[in-house]
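Have the structure open as you read.

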Amino acid sequence: MTIDFDRIELSSVSRHYGRRRALHDVSLACEAGEVIALVGPNGAGKSTLLAIVSTLLTPTAGQVHYGTYTAASGRAALRRRLGWLGHELQLYPELTARENLRFFATLMDVADGEARVNEALRAARLESRADDVVSSFSRGMRQRLALERALIHNPRLVLLDEPFTGLDGASADVLRERLRALAGHGCLVLFATHEFGLADDVLDRAAIMRDGRIAALASAGDWRAAYGDAIGRGL
Amino acid sequence: MFFRTAWTVFRKDVTIEIRSRETLATTIFFALSVVVVFAFALVRDGRLVTDAAAGILWIAIAFSGTLALGRTFERERYTDTLRALLLAPADRPAIYVGKLLGILAVIFVAECLLVPLVALLFDTALLARPFHLAALLVSGTVGFAAVGTLFAAMLVRAQSRDVLLPVLLYPMTIPVIIAGVRGTAALMQPPPDEPMAIFWLTLLTSFDAVFLTLALWTFEPLMTD
C-alpha cells in the first residue's frame with residue numbers, strides 16, 4: 001500500500017505519564033510546503049509532540065490525522081512517508097557514512113538505493129569521507145549525514161528534534177537551505193528548537209509551547225513578540 | 001520485506017560486531033571465566049560432582065547470553081537508533097527477528113569455545129553424541145534468546161535495565177535451562193541416554209515455539225510506547 005498526504009492535523013492531543021501531563025489538549029494543523037517550529041522552554045512538551053506525530057508514541061487522548069489516515073490505519077505505509085531526526089543522531093558510529101546510508105535505504109525499502117546513497121552523500125558534502133567510519137566525524141559532519149539519513153526515502157513529513165544543536169554558522173546555513181528546499185518540494189517540516197536565532201530565517205509559523213500546551217501560534221514576522229507574551233520573558 | 005528487513009538488521013549487527021568485537025569479546029571472556037571458576041570450585045577428591053559439567057555449561061551460556069543481550073541493545077540505546085529502526089516501514093517483528101539472529105550468532109560462537117573447554121576441564125563425554133548435543137544447544141539457546149531479546153528491547157529505555165533484565169529473564173527461562181541441563185546430562189551418561197535426551201529436546205523445541213510466537217506477537221505493542 002502506498003499512501004500520501006498534504007496535511008497533518010492534531011486534534012486535542014494529550015499525553016499523560018501517570019499523573020504528569022506531558023501534553024494537554026494540543027491542536028495544530030500543518031500544510032504541505034510549510035515549515036513550523038515548536039519553540040518553548042525545557043519540558044514544554046516539544047519532543048513528546050514530535051514523538052506522537054512520528055507514531056512512536058500513542059496519545060492518551062486525541063487524534064493525529066495524516067491526510068485521511070491515522071497512525072493505526074496507515075501503519076507501515078505511513079511510516080514510509082515519515083522522516084525523523086532526533087536529538088541523538090541515530091547513526092552507527094562503527095559503520096562508515098556509506099554503510100549507514102545503505103543500511104537505512106534498505107530498511108526504508110528505497111528503490112534504486114545505491115543511487116540514492118550517492119545522492120545523499122553529495123547532499124551531505126561527505127563524498128570524500130564516504131568510506132570513513134562515522135566515529136571519526138565532527139559533530140557538524142554527523143549532523144549533515146544524519147539529516148540525509150532521515151531524508152533518504154524522500155519522506156513527505158520531516159520531523160526534527162533540535163536540528164541546529166552543535167552546528168557552526170556555515171552548517172546551520174546549509175541546514176536552513178535544506179529545510180527550505182524540502183518545503184519547496186512539498187514536504188511538511190516540523191522541528192523543535194532552542195536555537196531561536198538560527199530558526200528565524202527558515203520557519204513559516206512558530207507554535208510556542210509551555211507546560212504541555214500550545215500557548216500561541218505566530219507567523220514568522222511576529223513570533224518573537226508572541227514568545228515574550230506567552231512565556232513571560234523576551235528572547 | 002519481512003525477511004529482508006530481518007536479514008538487513010542481522011547483517012548490520014554482524015558488521016558492527018566484527019568491527020568492534022565488543023560484545024563477542026566480553027561474552028566469550030565471561031563465559032570462559034565462569035567455566036574455569038566452576039572447574040576449580042567443584043572438584044572433590046580429584047573427582048567432579050556428577051552432572052556438574054552439564055549445569056556449568058548451561059549456567060555459562062545463560063550468564064554470558066545475558067551479557068550479550070544487554071550489550072546489543074545498549075548500542076541501539078546510546079545512538080537512539082532503535083527509534084530509527086522502529087520507524088522503518090516493515091513489520092516491527094522483523095526488527096525483533098534481526099536482533100535475535102545477531103544475538104544468537106554471538107552466543108553460538110561462544111558455545112563453540114565453551115563446549116570443548118567444558119569437555120576438557122571436566123573430563124566428560126560431552127562430545128560423545130555431537131549432533132544430539134548441537135540440537136540441544138541450538139534449541140535451548142533459541143528459547144533463551146527469544147525471551148531475552150524481547151525483554152532487552154522492552155527494557156532499553158528503563159533506567160535500571162541492567163538489574164531488571166536478569167531479574168525478569170531467569171525466572172521465565174528456568175524451564176529452558178532445566179531442560180538443557182537434563183538433556184545434556186543424559187548425553188553424558190555411560191552409555192548416553194539418547195531417549196531421555198530426545199525427550200528434553202522435544203520439550204525445548206516446544207518452549208521455542210511458544211516463546212517465539214509470544215515474542216513476535218507482543219513485540220510491536222510493547223515497543224510502540
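Let's start with a sheet in chain A of this predicted model. Three strands make up an open sheet in chain A, running in the order β2-β1-β4 with antiparallel pairing. At the edges stand β2 (20–31) and β4 (61–66) of chain A, each with a single partner strand, so one side of each has no neighbour in the sheet. From one strand to the next, the twist averages 15°.

Zooming in on one pairing, strand β1 (residues 7–17) of chain A joins β2(A) in the antiparallel sense over 8 bridges. If you want a spot to look at, find A:H16, which sits opposite A:R21 in β2(A).

Next, the domains. Chain A is assigned a domain 1 (1–81 + 155–235) and a domain 2 (93–154). Taken over C-alpha atoms, the centres of domain 1 of chain A and domain 2 of chain A are 24 Å apart. Each side brings residues to the contact: 10 from domain 1 of chain A and 10 from domain 2 of chain A. On the domain 1 side of that contact in chain A, helix α6 (residues 169–184) of chain A provides the largest share, 4 residues.

Then there's chain B. Here 25 residues of chain A are in contact with 21 residues of chain B. On the chain A side, α2 (71–79), β5 (82–85) and α3 (97–107) of chain A each supply at least two residues. Of the elements there, α3(A) gives the most, with 5 residues.

What are the two contact sides made of, by class?

Finally, the core. The largest nonpolar core has 153 residues, and A:V189, A:L190 and A:I208 are the ones with the most contacts inside it. Which helix gives the most to this core? That is helix α5 (residues 92–121) of chain B, with 13 residues. Domain 1 (1–81 + 155–235) and domain 2 (93–154) of chain A both give residues to the core too, so it lies between them.

For a closer look at A:L190, leave aside its neighbours within four places in sequence: A:L190 is then in contact with A:C30, A:I36, A:L38, A:L50, A:V53 and A:L159.

How values were computed:
Residues numbered from 1 in each chain as written. Chains lettered and ligands numbered in written order. Predicted model: local features only at pLDDT ≥ 70, side-chain atom pairs only at ≥ 80, totals over all residues. Core = buried A, V, L, I, M, F, W, Y, C linked by C-beta atoms within 7 Å. Buried ≥ 20, exposed ≤ 12 C-beta atoms within 10 Å, placed from the backbone. Domains from an automatic or database assignment. Contact = placed C-beta atoms within 7 Å. Pairing = 2+ DSSP bridges. Axes fitted to C-alpha atoms, helices over the stretch in contact; angles between N-to-C directions.
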